Amino acid sequence: MTIKIGIVGYGNLGKGVECAIKHNPDMELKAVFTRRAPESLKLLTEGVLVFSYDEIMSKKDSIDVLILCGGSATDLPVQTPELAKHFNVVDSFDTHAKIPEHFKAVDEAALEGGKVGIISVGWDPGMFSLNRLYAGAVLPGGHDYTFWGRGVSQGHSDAIRRIDGVKDARQYTIPVEEALQKVREGKNPELSVREKHTRECFVVAEDGADLDRIREEIVTMPNYFSDYDTTVHFIREEELLMDHKGIPHGGFVIRTGTTGWEDENSHVIEYSLKLDSNPEFTSSVLAAYARAAYRLNQEGQKGCKTVFDIAPAYLSSLSGEELRKHLL
């Protein structure tokens, strides 16, 4: 039997989920739901229908898991608990500070509906979270460090585009190599945000715009750039589209710690990602956790879960016997 998947939202993340399903033979894309005009979307998968979001409840008996591909600011806080009453759901909610309240809302809804909801699935939160947990459990007396990049920050890029006189922009988050090296050497440095990352901006300005004013507004923008060393490059639109059209990202989770009666032996655990496409990788993680949501619900489980609650075997299409034989 295949797991019947529904996709909610068909932006970069939704398209990535569609591609991920193609690579998972035990999954089948059953439907896509959108707030846009359904006829305006052209899917890659032949024979799959697009429905208005308003029609989603009529399809609840034909879908095993909904993968929610909306944004964390306004979409997922509403959609995930709303849909978890009726479907098994997986989302990529990534506002770290609000995860506890999002968990509570989804848990109440999923328990009421007898469904499983898995939230905050991706690489951070998600895969990075797991590695922080594993490493901290193994080296309890250590220090955690997380570095992001080099990669495109979509939220910071959007913030630049909101500045008057900016036509388009891409912003890259870049780890400071000196800080990264100190951590890898086990020196346990105390690092400010400025010491850990820099920000590099590529901006297309409108004709006649005041470049000095735009640069000043960027580097002094609170919560985005003012706490970082920020470089601004003004480039032509053609150059932006040619050299900065992708959405790469990645980063490092590093745990340093010691063992021995006198803490005489030092250790460094490092997990890293280098991603050509941030949304497509996130989509692939979502697909794996959709498998887990389906299996858990088939076993009679319900309520909200995070990556911390899911045993690794639930993510794989391989049987327990195959996993023990080939991967253990």
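Predicted model: local features only at pLDDT ≥ 70, side-chain atom pairs only at ≥ 80, totals over all residues.
Beyond its neighbours within four places in sequence, Val121 is in contact with Val90, Asp91, Ser92, Thr282, Val285, Leu286, Tyr289 and Val307.

Three strands form an open sheet in the order β7-β12-β13, with antiparallel pairing. Strands β7 (143–148) and β13 (265–275) each have a single partner strand and stand at the edges, so one side of each is left without a neighbour in the sheet. On average, neighbouring strands of this sheet are turned by 10° against each other, direction ignored. The antiparallel pairing of β12 (residues 249–259) with β13 extends over eleven bridges, and Ile254 stands opposite Glu270 in β13. Helix α6 (residues 177–184) lies across β7, β12 and β13 and runs at about 35° to β12.

His249 lies in strand β12. With a relative accessibility of 9%, His249 falls under the 20% limit and therefore counts as buried. When neighbours within four places in sequence are left aside, the contacts of His249 include Trp123, Trp148, Arg150, Leu273, Leu275 and Asn278.

The model contains 18 salt bridges. In one of them, the side chains of Asp26 and Arg291 meet at 2.7 Å, N to O. Asp26 lies in the loop between α1 and β2 and Arg291 in helix α10, so the pair ties together parts that are 265 residues apart in sequence. Asp26 is buried, with a relative accessible area of 18%, and Arg291 is buried at 2%. A salt bridge also joins the side chains of Arg132 and Asp124 (2.8 Å, N to O); Asp124 is buried, its relative accessible area being 16%.

Lys167 forms a salt bridge with Glu237, with the closest N and O atoms 3.0 Å apart. This pair links distant parts of the chain, as Lys167 is in strand β9 (residues 166–175) and Glu237 in helix α9 (residues 237–243), 70 residues apart. Lys167 counts as partly exposed at 47% relative accessibility, and Glu237 counts as partly exposed at 29%. Asp158, Arg161, Asp168 and Arg170 are linked in a network of salt bridges.

How values were computed: Residues numbered from 1 in each chain as written. Heavy atoms only, no water. Contact = heavy atoms within 4.5 Å. Pairing = 2+ DSSP bridges. Helix = DSSP H or I, 4+ residues; strand = E, 2+ residues; numbered from the N terminus. Axes fitted to C-alpha atoms, helices over the stretch in contact; angles between N-to-C directions. Buried < 20%, exposed > 50% of the residue type's maximum accessible area, 1.4 Å probe, protein only. Salt bridge = Lys/Arg side-chain N within 4 Å of Asp/Glu carboxyl O.
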